[in-house]
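Hello,

Here is the structure I said I would pass on. My notes follow below it.

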Amino acid sequence: MAKLVLVVDDEQSVRDALSDILSDSGYRVECASNGKEGLDLIERLNPDAVLLDIRMPEMDGIKALEIINQRGQDVPVILITAYGTTETTIEAMKLGAFDYVMKPLKINELLGTLKKAVEVREMLQKAEHRDHKANRVNKDIMIGQSPAMQNIYKTIGRIANSNATVLIRGESGTGKELVARAIHFNSVRKNKNFVKINCASIPENLLESELFGHEKGAFTGAVASKQGKFELAHLGTIFLDEIGEMSLSTQAKLLRVLQEREFERVGGTETIRVDVRIVAATNKDLERSIDEGTFREDLFYRINVVDIVLPPLRDRKEDIPALIDHIIKTCCLEHGKTITGFSDEAMKLLEAYDWPGNIRELKNVCERAVLMSSGPLLTVSDLPLSFRKNGRRVEWLGEIQGDSLKEIVAEVEREVILKALEENNWNRSATAQALKINRSSLYAKMKELGIIE
């Protein structure tokens with residue numbers, strides 16, 4: 001069925017013109033003459049997109065947009081305005097408008113913006129779909145209605161169906177893999193493989209083999225030929241997580257794949273051609289790595305065709321309640337628990353915390369609380385020690401009371417590692433050096449303590 005667009009404008013001539021244009025472009029169209037009438041039609045018809053004029057009698061577009069947000073309606077709203085540089089338009093964008101078009105209207109621009117809005121909404125609806133028959137919650141959903149996340153959704157909607165290489169940047173735990181998955185599963189490659197490889201978790205001498213495969217006898221232990229991740233991802237998407245940790249020699253081989261779409265297995269002579277979309281991610285400052293000589297500048301420009309920067313959780317705290325709600329529902333289904341949520345006091349502590357480990361840390365705190373709780377409401381006592389000390393980190397061991405020795409040791413280790421990671425901008429090599437342990441031991445300890453997955 002054709003997508004439904006609601007046009008809200010007080011000028012009859014504008015409504016008639018837009019109705020004709022949109023109908024000719026394959027949309028179903030309904031019209032309203034003011035904000036109040038538009039809100040009634042949104043409630044009743046649930047349109048796929050709304051074209052909303054800002055200046056109208058009875059109820060203007062800004063007030064209507066505020067009410068749409070208050071109701072929690074996820075319909076994308078495109079503003080129509082003759083005053084695109086005014087504070088009013090800026091405020092409307094802050095309120096969550098999808099985009100705006102200027103009067104006099106440029107038809108191609110309008111139709112292009114509308115197409116993107118409809119695609120983004122369709123993407124979000126797919127992501128939010130729950131499999132009720134299996135009684136499961138979609139773990140891979142991207143949660144957040146903050147302006148920063150809305151911009152991420154728009155970008156994904158715009159580039160998903162292209163073959164452009166994408167670089168996703170952000171601190172550890174911000175959800176870079178979720179973005180990569182959203183790009184893949186909203187693209188024409190969605191029915192093919194999504195192959196993930198963490199470049200930091202595989203020893204340097206084995207990473208080339210993991211990426212490109214090897215032939216039998218290529219090295220000690222190569223008892224049989226093996227396909228690499230690039231072959232497995234043929235016609236699909238490969239996600240190169242933590243690409244900033246890749247050695248210069250492997251970077252050179254990756255650059256060839258990006259340029260020529262071909263490679264040889266380790267120890268092999270046959271040239272293998274692949275059709276793969278590449279999505280990379282990093283929590284490192286690659287420009288600094290280029291200056292330091294640890295990352296190739298030519299590779300950087302190859303992977304940085306589309307740059308998506310994920311904000312840290314501390315910069316989008318308005319999304320914390322929705323994230324917590326989703327995480328708790330997921331944990332309850334996994335562990336057979338019935339939890340209604342956190343108490344107001346506990347929520348205040350969670351929202352005040354800076355979350356250095358971002359969404360991954362939030363998930364670990366919520367899951368721990370669900371597992372430890374004996375009642376339907378999670379309280380401050382269900383939170384880790386650092387939250388029970390008024391949201392401040394434990395300063396000395398004497399403050400810790402009421403936990404087992406194993407829990408106390410784990411909590412202190414976690415706090416020490418998090419502090420060291422922060423002080424070294426989450427650079428694991430520098431952090432390991434500061435803690436006087438090797439990098440693989442740090443990685444293993446971070447996984448054990450739930451700092452990373």
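Strand β1 and strand β3 (residues 49-53) run parallel and are joined by four bridges. Within this pairing, Leu6 has Val50 of β3 as its bridge partner. Please keep in mind that the model is predicted.

β1 also pairs with strand β2 (residues 28-32); here five bridges join the two strands, which again run parallel. Leu4 is bridged to Arg28 of β2.

Is β1 enclosed or open to the outside? Five of the five residues in β1 (residues 4-8) are buried, so the strand is largely enclosed by the rest of the structure. In a regular strand, side chains alternate between the two faces of the sheet. In β1 both faces are covered: Leu4, Leu6 and Val8 are buried on one side, and Val5 and Val7 are buried on the other.

Next, the nonpolar cores. The largest has 37 residues, and the members that touch the most others are Leu51 and Val179. Apart from neighbours within four places in sequence, Leu51 is in contact with Val5, Leu6, Val7 and Val8, and also with Leu18, Leu22, Ile78, Ile80 and Leu110. There is a second, separate core of 30 residues, and among its members are Phe212, Ile278, Ile290 and Phe300.

An α-helix has 3.6 residues a turn, so residues three or four places apart point the same way. The N-terminal end of α18 is capped by Asn427, which has a side-chain oxygen 3.0 Å from the backbone nitrogen of Ser429. Just after the helix, Lys436 has a positive phi of about 60 degrees.

The last item is a loop residue. Ser187 sits in the loop between α7 (176-185) and β7 (194-198). Is Ser187 buried or exposed? Its relative accessibility is 4%, and buried means under 20%, so Ser187 counts as buried. Leaving out neighbours within four places in sequence, Ser187 is in contact with Ala160, Asn161 and Arg277.

Regards

Note on methods
Residues numbered from 1 in each chain as written. Predicted model: local features only at pLDDT ≥ 70, side-chain atom pairs only at ≥ 80, totals over all residues. Heavy atoms only, no water. Buried < 20%, exposed > 50% of the residue type's maximum accessible area, 1.4 Å probe, protein only. Pairing = 2+ DSSP bridges. Core = buried A, V, L, I, M, F, W, Y, C linked by side-chain atoms within 4.5 Å. Contact = heavy atoms within 4.5 Å. Polar contact = N/O pair within 3.5 Å; in protein donor to acceptor, adjacent residues only side chain to side chain.
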